[in-house]
Amino acid sequence: MVKIGDKVRFLNAVGGGIVRRFQNKDIVIVEEEDGFETPILMRECIVVGENPSEFRSSFSGKVEKKEVPPVVEKPKEEKIEIAETSEGERLNVYLAYLPMDIKELGKCNYEAFLINSSNYYLFFNYMSRQNQACVSRGSESIEPHTRLFLEEFSRTQLNEMESICIQFIAFKKDKPYAMKNAFSVELRLDVSKFYKLHSFRENDFFEDDALIYPVVTNDKAVREWLISASELQEALTEKTKIDLPRRSPVPSKKEIKPSVIEVDLHIDQLLDTTAGLSNAELLNIQLDKFRQVMEENKGKKGQKIVFIHGKGEGILRNAILTELKKNYKRFPVQDASFKEYGFGATMVTIL
């Protein structure tokens, strides 16, 4: 039971503070660290510490007496109607990772969240793989169209998280719904991204930049299969049993599809140091790299090139678009996949 003066943390959002008063039987007013008061559902608050009857605020330094709320009859639980969307009938589920202090990247702790962008409740089990076995890191349910805090972990624990597994079933309460498959998804996390500033990008789910991994997209699992050493050895052994090796047919020119070229134009990927360089000089270095890649590939018909420039203030993106209109106007240009690059990349197709 949340009481006035309790120190709480928000269940489905970043932040917390001190409970100052009750707005009504379901909503409390919480004073956050910046001094602002935030109304929030009582069931969305988790008490994180015991408080004495006389409580000293860690924010204002003033001594405040606890107010004892009047004894009232426990209200009946009200049914909350979930606002559904047409897009929400397909499951879209993500894992998100945020640094707790972006200025101390690589040294600070990180937070993990599960994002449910659908009309369904999800009952899930969040795991990591260790020594060919799975270890559960948490299991519960998440409501439709919400994000849920999973855990806080340090950089020393990153090696435990190279392989993350998640299982869940989807359902609705008190209404008919289309039955969904149960999902078991295993993702390979690139732990080096947790040390790179540009890995954390602007997104639709948080005010802060985050590293987002799709788990299920439009009812389809995003799965990266991991091949163990034993499986690889078994495949090699099986191959030696073939008596007559067969030559693979040479694909025709139509079957050969060039892979997508990714070019990261963030300045820290191009230079070891930017000391003594002006903003204009840094921009020219990025554009020189862009021009170099375009010249090297402008004769490769069908080649797709993704230039990762970040969102920022849009200066580099606008400069690239100007170059394309001026010198490469015959090549189609579009925003690169949002799911893979967020808003910070442009794709060029060579014709």
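Trainee: What span should the 19 residues of helix H3 have, and how far apart are its end C-alpha atoms?
Mentor: This is a predicted model. At 1.5 Å a residue, H3 (residues 279-297) should span 27 Å, and the end C-alpha atoms are 28 Å apart, which agrees.

Trainee: Which residues in H3 are buried?
Mentor: The buried residues of H3 are Leu-282, Gln-286, Leu-287, Phe-290, Val-293, Met-294 and Asn-297. Around the axis they cover an arc of only 130°, so they lie on the same side of H3.

Trainee: Let us take H4, then. At what angle do the axes of H3 and H4 cross?
Mentor: They cross at roughly 40° and come within 11 Å. The crossing in which H3 passes H4 is right-handed.

Trainee: Which residues make the contact?
Mentor: From H3, the contact is made by Leu-283, Gln-286, Leu-287, Phe-290, Arg-291 and Met-294. H4 contributes Ile-315, Leu-316, Ala-319, Ile-320, Glu-323 and Leu-324. Gln-286, Leu-287, Phe-290 and Met-294 are also among the buried residues of H3.

Trainee: Changing topic to the backbone: what is phi of His-145?
Mentor: Phi of His-145 is near 50°, which is a positive value in a residue other than glycine. His-145 is found in the loop between strand E11 (133-142) and strand E12 (146-153).

Trainee: Is His-145 buried or partly exposed?
Mentor: His-145 has a relative accessible area of 34%, so this residue is partly exposed.

Trainee: Where is Asn-218 placed?
Mentor: Asn-218 sits in the loop between strand E15 (211-217) and strand E16 (220-221). Phi of Asn-218 is near 50°, again positive in a residue other than glycine. With a relative accessible area of 35%, Asn-218 is partly exposed.

Trainee: Finally, the whole chain. How many helices and strands are there?
Mentor: The protein chain has 5 helices and 20 strands. Of its 351 residues, 36% are buried.

Trainee: And what share of contacts joins residues at least 24 apart?
Mentor: That share is 62%, taken among contacts between residues at least 6 apart in sequence.

Notes: Residues are numbered from 1 along each chain as its sequence is written. This is a predicted model: local features need pLDDT of at least 70, side-chain atom pairs count only at pLDDT 80 or more; totals for chains, interfaces and linings use all residues. Side-chain values use heavy atoms; hydrogens and water are left out. Helices (H or I, at least four residues) and strands (E, at least two) are DSSP runs, numbered from the N terminus. The expected span of a helix is 1.5 Å times one less than its number of residues. Buried means under 20% relative accessible area, exposed over 50%, partly exposed in between (1.4 Å probe, protein chains only). The arc is that of the directions from the helix axis to the C-beta atoms. Axes are lines fitted to C-alpha atoms, for helices over the stretch in contact, and angles run from 0 to 180 degrees between N-to-C directions. A crossing is left-handed if the near helix is turned anticlockwise from the far one by less than a right angle, and right-handed if clockwise. Contact means heavy atoms within 4.5 Å.
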